[in-house]
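Subject: Structure handover

Dear colleague,

I am passing on the structure below, together with notes on what was found in it. Please read the notes with the structure open beside you.

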Amino acid sequence: MIDRVDRAADGALRVVDYKTGKSPAPRFQDGAIFQMRFYAAALYLSRGTLPVRTQLIFLKDGRTLTYDPVAEDVDSLAQELDSVWSAIEERLDTGEFEPRTSRLCDWCHFKEFCPAFGGMPPQMNAEGASHLRTAHS
């Protein structure tokens, strides 16, 4: 959720989002940059205006991560999101959701259901899957 959209006297927009945690180390900034790209595309597609700047302000350490989008970013992100949505639909069609393990698995409470740990996931709820498909429309 975008916390703030500022409009300059010349009409230029700046998107600002506040984060309560600390800023990510440079090697972990991809997720934050994706979030800012998403905000820029959402604003462009909903209002027809591309913001000149997006910012994530991390309150815990006072750092600001800035990203200045360009029009090509919107097209690139739209293609990326279409690809992700196609992958989701394919998995809904097949019922196959391959697990991806990481260090976060150490804290997961669902290992007993995870195929990566020898578990069996519950049957997919057809009504829920059908409802999920409407999210793209």
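Gln 29 is buried, with a relative accessible area of 16%, where buried means under 20% relative accessible area, exposed means over 50%, and partly exposed lies in between, computed with a 1.4 Å probe on protein chains only. Gln 29 lies in the loop between strand E2 (13-19) and H1, and, not counting residues up to four places away in sequence, Gln 29 touches Pro 24 and Leu 65; contact here means heavy atoms within 4.5 Å. The helices (H or I, at least four residues) and strands (E, at least two) are DSSP runs, numbered from the N terminus.

Before going further, please note that this is a predicted model, in which local features need pLDDT of at least 70 and side-chain atom pairs count only at pLDDT 80 or more, while totals for chains, interfaces and linings use all residues. Residues are numbered from 1 along each chain as its sequence is written, and side-chain values use heavy atoms, with hydrogens and water left out. The pLDDT is the predictor's confidence in each residue, from 0 to 100; the protein averages 92, and 99% of the residues score at least 70. Confidence is lowest in helix H3 (residues 126-133), with a mean of 87, and highest in strand E3 (residues 53-58), at 97.

Although Asp 61 and Lys 22 are 39 residues apart along the chain, their C-alpha atoms are separated by 5.2 Å.

Turning to the helices, the 18 residues of H1 should span 26 Å at 1.5 Å a residue, and the end C-alpha atoms of H1 are 25 Å apart, which agrees; the expected span of a helix is 1.5 Å times one less than its number of residues. In H1, the residues Ala 32, Met 36, Arg 37, Tyr 39, Ala 40, Ala 41 and Leu 43 are buried, and the buried residues of H1 pack against strand E1 (4-7), E2, E3, E4 and H2. Just after H1 comes Gly 48, which takes a positive phi of about 75 degrees.

Helix H2 (residues 71-94) has 24 residues and reaches 35 Å from its first C-alpha to its last, close to the 34 Å expected at 1.5 Å a residue. Its buried residues are Asp 73, Val 74, Leu 77, Trp 85 and Leu 92, and these pack against helix H1 (30-47), strand E4 (64-67) and H3. H2 is followed by Gly 95, whose phi is positive, near 75 degrees.

Ala 71, found in helix H2, is partly exposed with a relative accessible area of 48%, and its C-alpha atom is separated by 9.8 Å from that of Pro 51, 20 residues apart along the chain. Gln 79, also found in helix H2, counts as exposed at 59% relative accessibility. Leu 81 has its place in helix H2 as well and counts as partly exposed at 32% relative accessibility; not counting residues up to four places away in sequence, Leu 81 touches Phe 34 and Phe 38.

Finally, there are the pockets, where a pocket is, on a 1 Å grid over the protein atoms alone, an open set of points where a 1.4 Å probe fits, with protein on both sides within 12 Å along at least five of seven lines, and lining residues have an atom within 4 Å of a point. The largest pocket has a volume of about 340 Å³, a volume being the space filled by probe spheres set on the points, which are joined across faces, edges and corners. Its lining includes Arg 91, Phe 97, Cys 108, Phe 110 and Lys 111, and the lining residues divide into 8 nonpolar, no polar and 4 charged; Ala, Val, Leu, Ile, Met, Phe, Trp, Tyr, Cys and Pro count as nonpolar, Asp, Glu, Lys and Arg as charged, and the others, Gly among them, as polar. The second largest pocket has a volume of about 260 Å³, and among the residues that line it are Gly 95, Met 120, Gln 123 and Met 124.

With best wishes
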